[in-house]
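Work through each task with the structure open before turning to its solution.

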Amino acid sequence: MSALNEDTTHSSVSLITPEPLIKRFPFPFHEDSYRYSNNSRQLESGLCLEVTPEYEEEVEEKRALLKENHMKCYQSFSHTIEAQWEVLDMIIHELAEVYPDYFSIEKQGDQWTFSNHLLKEQYSFTFGAENTLPAEPLDFIGRHVQEDLVIVSQRDQDLYMDAGQVCFPANWSLVFDVGMTFTEWHSPVPVFSDKLAAKVRDFLMRMEAGKPWTRYNWTLTVEHVLPTFAEDFDLWAPKKDKVTKENIGELVHLRVEDQRLFRLPKSNSILFSIHSHLISLKELAENQVWLEHFRNIIDDLPEYIAEYKGFSEYKPLLSEWLTDTLQKQVEQGGNV
Amino acid sequence: MQTKSLQVLVNRIEDETTNVKSFTLKSLKGERLPGFSPGSHITTNIHYKGEKLERHYSIACDPSVSNQYVLGIRKSETSRGGSEGWHQMIKEGDLLEISYPKNHFPLSFRARKHLFFAAGIGITPFIEMMFYLKKKGIDFDLHYAAKSKELCPFYQLITENFPDQSHFYFSSSNRKMFPQLMKDQPIGTHVYFCGPESMVKQFAAYAQSAGYPQGNIHFELFSPPDMGPASPFNVKLLKSKKEIHVCEKDTLLDVLLREGIDAPYSCKVGGCGSCLLEVADGIVDHRDQFLTEKEKENLQVILPCVSRAKSANLMLDL
Ligand code: HEM
Ligand code: FES
C-alpha cells in the first residue's frame with residue numbers, strides 16, 4: 001500500500017487533446033421527441049471508461065467528496081468484494097490498454113503494481129488481498145476514473161444495488177437506494193416505474209458478458225455542478241430561482257449521463273458506469289442542429305418528465321430562450 | 001473492456017468414460033481468460049461435415065482456477081453432429097473460438113442448503129458449483145445417477161474432492177435415485193436438477209408436490225423438451241415487409257436468422273429468454289421453460305427458438 005510520488009518518464013496531462021467541449025459532447029438526441037423507453041444500444045467499443053480533458057479536475061473533486069463524507073459517496077455489502085476485485089481488474093486492464101501513456105500495470109503473479117501517470121501515483125498490492133489496498137477495491141479504483149460505478153448483483157431472479165461509488169448523482173441518493181431491487185430504486189420515475197421497469201430488469205438479467213450495452217440519460221442542472229446529491233437538495237435546488245431570461249444560457253446546463261452496462265462473468269454481477277457531462281446552453285447553441293433538436297424536444301416534452309427532472313418551474317423560460325436563440329441564428333444566416 | 005468472443009487452445013483431451021471426453025481449454029500464451037460463476041456454460045462453434053454446429057457446454061471445473069475451462073462432452077447416440085464432431089475432430093493443440101461464459105443456471109444466493117440431482121453427463125454444472133460452495137463453506141449434497149462406476153463421468157474427481165457430500169446410484173448395482181431424497185430437508189433448501197428431460201420433469205414435479213416454493217426449484221435442460229409434433233406456419237414481418245414459412249423441421253428463430261434478420265438469441269432451447277419477441281397478432285404455441293404460465297397467458301410474446309404458432313399465421317413487429 002503505497003502512493004509514491006514517482007518521477008515517471010511519461011509526460012502526462014498535455015497528451016489529452018484539449019478539443020473544445022462542443023466538438024466532443026455526447027449529445028443524446030437524434031429525434032425531435034423524447035419519452036421514456038428502453039433506449040439501450042449495444043456498446044460496440046466494449047469500453048467502460050473515457051478519459052477527458054476534465055480528468056484531473058473531476059478526479060480531484062471526487063476524492064474531496066469521498067474525504068468529506070465517505071458514506072454519502074460509497075456504500076457496499078460485504079458479499080460484493082469478489083465482484084469489486086473483478087471491476088478493479090477490468091478497469092485497470094482497460095486503462096492500461098487504451099491509455100498506455102497515462103496508466104500502466106505490472107504483474108508478478110498476484111503482485112500488481114498500478115501506475116497512474118496523470119496523477120503521478122503508484123500502488124503495489126496483492127490481487128485479492130483487501131488489506132493491501134488503501135480502500136475496498138471499488139472505492140480504490142473509482143478514485144482513478146471520472147465515472148461513477150455501481151455494482152448490481154443478480155440473485156434469486158432479481159437485481160439489487162449492492163455497491164457503489166457515486167460522487168456525481170443526478171438528484172438521487174446512494175445511501176437511500178443501496179440494497180434495493182431494480183424496480184424499487186426506479187419507483188420515483190413516473191410512467192417508467194409502472195410501464196417499463198420490470199421489462200428492462202428482465203432484459204438486464206439476460207445480459208451476457210462480451211455483449212455490453214449503453215444508454216444516455218439526461219437532465220438539466222443549474223450552474224456547473226456535478227455533485228447534485230438528493231441529500232444536498234437544499235444547496236443546489238434553490239439555484240433554480242436565480243434563472244432569468246438574461247442568464248439562462250450561462251446558468252442552465254444540459255447534463256448527459258453516458259451509462260454503460262457490463263455483465264461481469266466471474267461474479268455474474270452487472271457493472272453500471274455513469275460518466276456525467278455538463279455543457280451550458282450557450283455553448284450547446286454553437287451547434288445549430290443540436291439546438292434545434294433540443295428546442296423541439298423541450299417543446300414536445302410531457303409535463304410529468306419536466307416535473308420529474310426538476311425544471312418545470314423554468315420550462316417556459318427555457319422554451320422561449322431556445323426559440324429566440326434559434327431564430328436569431330437563422331436570421332443571421334446560421335452557423336450550420 | 002470486453003471483446004465479442006474468446007480464443008482458446010485445446011490443451012488436453014482425456015477419456016472420462018468410454019463415451020465421455022473432457023476437453024481442457026486454456027488461454028493462448030500471454031492472454032487471460034475471463035472468470036466464470038458457478039453454473040456457467042460456454043457456447044462453441046465447430047465446423048463438422050460441412051455444417052456449422054453451435055453447442056452449449058457447462059464448465060466442469062473449479063471457478064477459482066483461472067485461465068482454464070474444462071468441458072465434459074458425451075458422444076450422444078442421437079447426436080445432431082455436435083458431440084460427434086467434438087469427439088472425432090477436435091485435437092489437442094487446436095484453436096477454438098468460444099463465447100464468454102454465460103450463466104443461465106446460477107446458484108441461489110439465499111439458499112441455506114443446495115441439493116443437487118444429476119443423471120449422467122448432467123453432472124457438469126454441479127462440478128463448478130460444488131467447488132465454489134466447498135470453498136465458501138456452504139452446505140450441499142450431490143445425488144448422482146449413472147449406469148455404472150465405469151460409465152460415471154468425473155467419478156474420480158468427485159470422490160476425491162467431495163467425498164462427504166456425494167452419493168452415487170448405479171443402475172448396474174440396482175441402486176435407483178428416488179426424488180423422495182428431497183423429503184425431510186432443512187427449510188431454505190434449494191434443489192437443482194440436470195439430466196434428461198424425463199428425469200428433470202419427474203424431479204421437478206415431485207419437488208413441487210413436496211412443497212418446495214417455485215423459486216427454490218432450479219433445473220437445466222440440454223435439449224429442448226419434446227412438446228409433441230410441430231406443424232408448419234406462416235409469419236408476416238411487419239417492419240421488413242416479408243412473409244416467411246416455417247416448416248415442421250425448422251424453428252422460427254432458424255428461419256429469421258436465415259432471412260438475415262438480426263434476431264437476438266442465446267440458449268436456443270427455450271431456457272434463457274434472450275430471443276423474446278413481441279407478437280403483433282396470432283396465437284402462440286408456447287414451448288419454452290422461461291415464461292411463467294401467467295406470462296404465457298397474458299403477454300403477447302414468443303420465444304422463437306422453440307415456440308411455434310397455434311394459428312396458421314403470426315404477425316411480428318420485425
Ligand atoms: C442496472 C443499472 C441501473 C442503475 C443502477 C440505475 C439507477 C437509476 C437511478 C438511481 C435513478 C434515479 C431514480 C430516482 O429518481 O431516485 C434512475 C433513473 C432512471 N433510470 Fe435507471 N438505472 C439503471 C439502469 C437503467 C436502464 C437500463 C434503463 C433503461 C431504460 C433505466 C432507465 C431510467 C430512467 C428512464 C430514469 C429516469 C431518468 C430521468 O428522467 O432523469 N435505468 N436510474
Ligand atoms: S434463445 Fe434462449 S430462450 Fe430462446
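**Exercise 1. Find how many bridges join strand β15 of chain B to strand β17 of chain B, and in which sense they pair.**

Solution. Strand β15 (residues 277-281) of chain B and strand β17 (residues 301-302) of chain B are antiparallel and share 2 bridges, where strands are DSSP runs of E with at least two residues, helices are runs of H or I with at least four, and both are numbered from the N terminus. Two strands count as paired if DSSP finds at least two bridges between them. Within this pair, B:Leu277 has B:Ile302 of β17(B) as its bridge partner. Next, β15(B) is also joined by 2 bridges to strand β19 (residues 313-316) of chain B, again in the antiparallel sense, and here B:Asp281 faces B:Met315 in β19(B).

Before going on, note that this is a predicted model, in which local features need pLDDT of at least 70 and side-chain atom pairs count only at pLDDT 80 or more, while totals for chains, interfaces and linings use all residues. Residues are numbered from 1 along each chain as its sequence is written, chains are lettered from A and ligands numbered from 1 in the order in which they are written, and side-chain values use heavy atoms, with hydrogens and water left out.

**Exercise 2. Determine the strand order of the open sheet of 7 strands in chain A, and which helices lie on the sheet.**

Solution. The order is β1-β8-β9-β10-β6-β7-β2 in chain A, with antiparallel pairing. At the edges stand β1 (41-42) and β2 (74-76) of chain A, each of which pairs on one side only. Helix α4 (residues 81-98) of chain A lies across β2, β6 (148-155), β9 and β10 of chain A, at about 110° to β9(A).

**Exercise 3. Identify the protein donor of the iron atom of ligand 1 and its place in the chain.**

Solution. The only protein donor is A:His186, through NE2 at 2.0 Å, donors being N, O and S atoms within 2.8 Å of the metal (3.2 Å for Na, K and Ca); water is not among the atoms, so sites may look incomplete. A:His186 sits in the loop between α7 (182-185) and α8 (192-205) of chain A.

**Exercise 4. Which residues line the largest cavity, and how do they divide by class?**

Solution. A cavity is a set of points, on a 1 Å grid over the protein atoms alone, where a 1.4 Å probe fits but cannot get out, and lining residues have an atom within 4 Å of a point. The largest cavity holds about 30 Å³, a volume being the space filled by probe spheres set on the points, which are joined across faces, edges and corners. Its lining consists of A:Cys48, A:Glu50, A:Glu147, A:Asp258, A:Arg260, A:Ser273 and A:His275. The elements that each give two or more residues to this lining are β9 and β10 of chain A. By class, the lining has 1 nonpolar, 2 polar and 4 charged residues, where Asp, Glu, Lys and Arg count as charged, Ala, Val, Leu, Ile, Met, Phe, Trp, Tyr, Cys and Pro as nonpolar, and the others, Gly among them, as polar.

How values were computed: Contact = heavy atoms within 4.5 Å. Axes fitted to C-alpha atoms, helices over the stretch in contact; angles between N-to-C directions. 1 Å grid on protein atoms, 1.4 Å probe; cavity = no way out; pocket = protein on both sides within 12 Å on 5 of 7 lines; lining within 4 Å.
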